[in-house]
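Here is a short report on a single protein chain.

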Amino acid sequence: MSFTQNHPKKIDPKRLQVYVSPGDRCDGCDKQCELGYVYVSQGHYIYPTIAGEIIANFRNERNIRIFAGDDVKKNRTPQQTFQQELCTKSFAGKIARYCDHYKTR
């Protein structure tokens, strides 16, 4: 497994500013984990993924556990669907910065 949070670490909020375009990978270590998203519970929730693993929750810079899933609204337009997918993928990039291995390997 590539993404771990065994050792809570303080994160500089400026490091959380990230833009993730389709096909991007984390640049925090040599694993180059793919950042993405997945729909679960019959499409009712969307979760960020790192290296293909669903990130249901993570610990933030204050060591507070944060739920990472987002409720999928019914009757969305294709543009709204695209925006939510892009935001979730970008969120995966932000979460990746909390990984134990980010900029340490």
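Of the 105 residues of the protein chain, 37% count as buried. The model is predicted. The chain exposes about 6600 Å². Carbon and sulfur atoms supply 50% of that area.

The protein chain holds one helix and six strands. Along the sequence the order is β-β-β-β-β-β-α. Contacts reach across the sequence: of those between residues at least 6 apart, 61% join residues at least 24 apart.

Helix α1 covers residues 78–96, 19 residues in total. From first C-alpha to last, α1 reaches 27 Å. That is close to the 27 Å expected at 1.5 Å a residue. The buried residues of α1 are T81, Q84, E85, T88, K89, S90, A92, G93, I95 and A96. Charged residues are among them, including E85 and K89. What covers these buried residues includes strands β1 (35–40), β2 (45–50), β4 (57–59) and β6 (70–71).

**E85.** This residue is found in helix α1. What is the nearest side chain of opposite charge to buried E85? It is R76, 5.4 Å away. E85 has no salt bridge, because a salt bridge requires the charged atoms to lie within 4 Å. The side chain of E85 does make polar contacts, with the side chains of Y37 and Y39. Beyond its neighbours within four places in sequence, E85 is in contact with Y37, Y39 and I46.

**E61.** Is E61 buried or partly exposed? E61 counts as partly exposed because its relative accessible area is 24%, while buried means under 20%. Its side chain makes a polar contact with that of Y98. E61 and Y98 are 37 residues apart in sequence. In space, their C-alpha atoms are 7.7 Å apart.

| Side chain | Partner side chain | Polar contact distance |
|---|---|---|
| E85 | Y37 | 3.2 Å |
| E85 | Y39 | 2.7 Å |
| E61 | Y98 | 2.6 Å |

Each partner in the table is a tyrosine: Y37, Y39 and Y98. E85 is buried, whereas E61 is partly exposed.

Technical notes:
Residues are numbered from 1 along each chain as its sequence is written. This is a predicted model: local features need pLDDT of at least 70, side-chain atom pairs count only at pLDDT 80 or more; totals for chains, interfaces and linings use all residues. Side-chain values use heavy atoms; hydrogens and water are left out. Helices (H or I, at least four residues) and strands (E, at least two) are DSSP runs, numbered from the N terminus. The expected span of a helix is 1.5 Å times one less than its number of residues. Buried means under 20% relative accessible area, exposed over 50%, partly exposed in between (1.4 Å probe, protein chains only). Contact means heavy atoms within 4.5 Å. Accessible areas come from the Shrake-Rupley method with a 1.4 Å probe; for residues, only the protein chains shown count as cover. A polar contact is a pair of N or O atoms within 3.5 Å; within protein, one must be able to donate a hydrogen and the other to accept it, and residues adjacent in sequence count only if both atoms are side-chain atoms.
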